[in-house]
Amino acid sequence: MVLAVLLLAHDGAPEDLPPFTAGSMLTTWQPAVLPLLGATVAGALYLVAVRRLHRRGDRWPVGRTLCFVLLGLGSFLVATTSALAVYDLRLFWVHMVQHMVLAMVTPIFLALGGPVTLALRTLPLGGRDALLVVLHSRVAKVVTFPVVAGVLFVATPFALYLTGWYPATLHHPWLHELNHVHFVMVGALWFFSVLGIDPMPGRVGHPLRLIAVFATMPFHAFLGVAILSESTPIAASWYAEVEGPGRVWGPSALADQHLGGALLWASGDLVALLVLATLFVQWARASEREAVREDRRLDRLDEAQARAGR
């Protein structure tokens, strides 16, 4: 996927940054080339495919286009080029917001955009066949199965913050960037399989998808509480170095970490509730369509019986 190559230029801990305020959030940007290029290419390909559909007389929901281009790719750019990217090495809670955007917000809206469905409807025959081969491969069937995708989605933040992985991402720029890509890809596997807009080899019915989302809801809260209860900052040596004796703005390393844990706790439940609401709406609409189909079938059966009686 295109997102696999969206790497953010990163040169280590930022120096001499102004205090993080609402003003700096709006004015401090880091125009990283690869995220901008990747999002531009992905958005252009999507819009070209939509235009191709319209030219041949087919319709594509405007809402899906807005979800993919404006909200999906837009949130990705905010996370990787705005102040969230500038301060993510300096403040743990800013990193946590960036994490939530890349792992939850961006993948949800990319999934709601239905890019796989759009590709299957617009690609030439050879490209469509190649995409179908990938979708029906054994690897795709395994990683998109909700249980597997859910375990990966839940296990990633635990492995990141409760092991040496997170401190390593702070000290190694290439690992820091791969971590961003990992957030998006794991989130995409989970939300593409759960929301079910696109054809997925491991797709299950709405009841099982609801159960899967319910099952994953508590884990972000558990991890948030675990981070809140820590008495020693994660990556303490790193934050002691970047905080420095001369910095007079921002919370202490431990208070910063507790704020990040609280954000993880709250945002995980909020996103899960939004996904549950979306699934309920999808289920209701699917039930309505099924009822309409059944009514038509019964009408045709009545007409056939009437003709047979005559």
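When I say that two residues meet or are in contact, I mean that they have heavy atoms within 4.5 Å of each other. What you have above is a predicted model, in which local features need pLDDT of at least 70 and side-chain atom pairs count only at pLDDT 80 or more, while totals for chains, interfaces and linings use all residues. Residues are numbered from 1 along each chain as its sequence is written, and side-chain values use heavy atoms, with hydrogens and water left out.

Let me begin with the overall picture. The protein has 14 helices and zero strands, where helices are DSSP runs of H or I with at least four residues, strands are runs of E with at least two, and both are numbered from the N terminus. Of the 310 residues, 44% are buried, and here buried means under 20% relative accessible area, exposed means over 50%, and partly exposed lies in between, with a 1.4 Å probe and protein chains only. Among contacts with a separation of 6 or more, 81% are between residues 24 or more positions apart.

How do α9 and α12 pack? Helix α9, residues 146–161, and helix α12, residues 206–229, pack at an angle of about 5° with their axes 10 Å apart. That makes α9 roughly parallel to α12, a term for angles under 35 degrees, with over 145 being roughly antiparallel, 65 to 115 roughly perpendicular and the rest oblique. The axes are lines fitted to C-alpha atoms, for helices over the stretch in contact, and the angles run from 0 to 180 degrees between N-to-C directions. On the α9 side the residues are Gly 150, Phe 153, Val 154, Pro 157, Phe 158 and Tyr 161, and they meet Thr 216, Phe 219, His 220, Phe 222, Leu 223 and Ile 227 of α12. By class, this contact of α9 with α12 holds nine nonpolar, three polar and no charged residues, where Ala, Val, Leu, Ile, Met, Phe, Trp, Tyr, Cys and Pro count as nonpolar, Asp, Glu, Lys and Arg as charged, and the others, Gly among them, as polar.

Helix α11, residues 173–195, also packs on α12, at an angle of about 145° and with the axes 9 Å apart. Here Trp 190, Ser 193, Val 194 and Leu 195 of α11 meet Arg 209, Ala 212, Val 213 and Thr 216 of α12, and the residues of this contact divide into five nonpolar, two polar and one charged.

Glu 230 is partly exposed at 35% relative accessible area, and, leaving aside neighbours within four places in sequence, Glu 230 is in contact with Leu 254, Gln 257 and His 258. Ala 235 sits in the loop between α12 and α13 as well, and its phi is near 55°, a positive value in a residue other than glycine. Most residues other than glycine have a negative phi.

Finally, Thr 106, in helix α5, is buried with a relative accessible area of 0%, and its side chain reaches the backbone nitrogen of Phe 76 at 3.4 Å.

Definitions and conventions. Polar contact = N/O pair within 3.5 Å; in protein donor to acceptor, adjacent residues only side chain to side chain.
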